[in-house]
Amino acid sequence: MRTLNKFLSAATAAAAIGGAVVASSSPAMAAGRNGVCDPGEFCYYFNSNNQGSVSDFTGSVADYGAKQPSCYEFKGAGNGRGVCVKNNAASVWNRSGSTVRVYYNSRYGGRYQDFGPGARGNLNSALKNQNASHQYLGSTPPPPSQHTNMSWALYLANGGRITCGFDGYHGTPGRHEGIDIARGIGSDVHALVAGQIINVVWGRTGGSGLSTIAVYNSSLNKTIIYLHSAPLGSLRIGQWVNRGQLIASESYRGISSASGAHTHVEMRLGRKTLAAKSVNDWNLENPNPTSFWISQGYNVR
Ligand SMILES: [Zn+2]
């Protein structure tokens, strides 16, 4: 039954696409997950040629889930409404400012197809009804309407929270040079800014095992340093990482107790392979990073 619905005449499809463009000409904000492909969003369609029910997204998703009621589903009116998007999408419209990559596997793995900003089209034969994740690439910051909280974006999941802000130590001697965010041991940690890995230290759990991932973005001339998490074993110096790419899992490397597990995220000026010293150091080396994070599309929350 669904197979029949997947086929439309070219004329019908073209007319419908034309109508969709006119209908969306108002400056709507990216609402997200409302079944309408708003400006700023990346959207899947159940049918080819941007037909059928829409599933709209404002960021990367590593795993859609495969079953109701918890999966990401097609939400818009039309064929496929209520069906999980995993392995059921036939076409896309990328209304975001970033290139979006659709993957065959969950967690951004396997064969993929890229859609540049504004692009729309059918998934190729390898990806049609075989889509399992999608990822926003590039460093184009989203507009303010799409800003996401850092404590969400680091994990691409709910449940994270800032436990200590920049220069926000209470009861610890020194000046805090980064922002501490915690969600729980084992949580996936993702790059907040694209760049090249210029240092990776795996460390070990416990107070003397500090881990470090340093990601340098040459166009911004900033380095983002991640401390305490467990870097993926596959990370290599020289490797390019995209915004939203999985880089580590949360741990307590360089922290004495498992209960203190968190990820320290530090913005540094220029190319730096190590974090600035925080504990027991009263010299604040880094500037307040709030305006930087906002410029990258994040709320410091
Ligand atoms: Zn910290």
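Strand 4 and strand 5 make a hairpin with 3 residues between them, and R107 in that turn has a positive phi of about 60°. Strands here are DSSP runs (E, at least two residues), numbered from the N terminus. This is a predicted model, in which local features need pLDDT of at least 70, side-chain atom pairs count only at pLDDT 80 or more, and totals for chains, interfaces and linings use all residues. Residues are numbered from 1 along each chain as its sequence is written.

| Residue | Opposite residue in strand 5 |
|---|---|
| V102 | Q113 |
| N105 | G109 |

Now for the core. The largest nonpolar core has 63 residues, and V92, L192 and Y226 have the most contacts inside it. Such a core is a set of buried Ala, Val, Leu, Ile, Met, Phe, Trp, Tyr and Cys residues joined through C-beta atoms within 7 Å. Strand 1 (residues 42-47) gives the most to this core, with 5 residues. Domain 1 (2-136) and domain 2 (147-299) both contribute residues to this core, so it lies between them; the domain bounds come from an automatic or database domain assignment.

Leaving out residues up to four places away in sequence, Y226 touches V189, I213, I247, A248, T263 and V265. A contact means C-beta atoms, placed from the backbone, within 7 Å.

A90 is in the loop between strand 2 (51-57) and strand 3 (91-94). A90 is buried, because 22 other C-beta atoms lie within 10 Å (buried takes 20 or more, exposed 12 or fewer, partly exposed in between). A90 and N124 are 34 residues apart in sequence, yet 8.4 Å apart in space, C-alpha to C-alpha.

As for confidence, the protein chain averages a pLDDT of 87, with 86% of the residues scoring at least 70; pLDDT is the predictor's confidence in each residue, from 0 to 100. Over residues 1-30, pLDDT stays under 50, and the model has 26 contacts for them beyond four places in sequence. Where pLDDT is low, the predicted coordinates should not be read in detail.

Notes
Pairing = 2+ DSSP bridges. Helix = DSSP H or I, 4+ residues; strand = E, 2+ residues; numbered from the N terminus. Contact = placed C-beta atoms within 7 Å.
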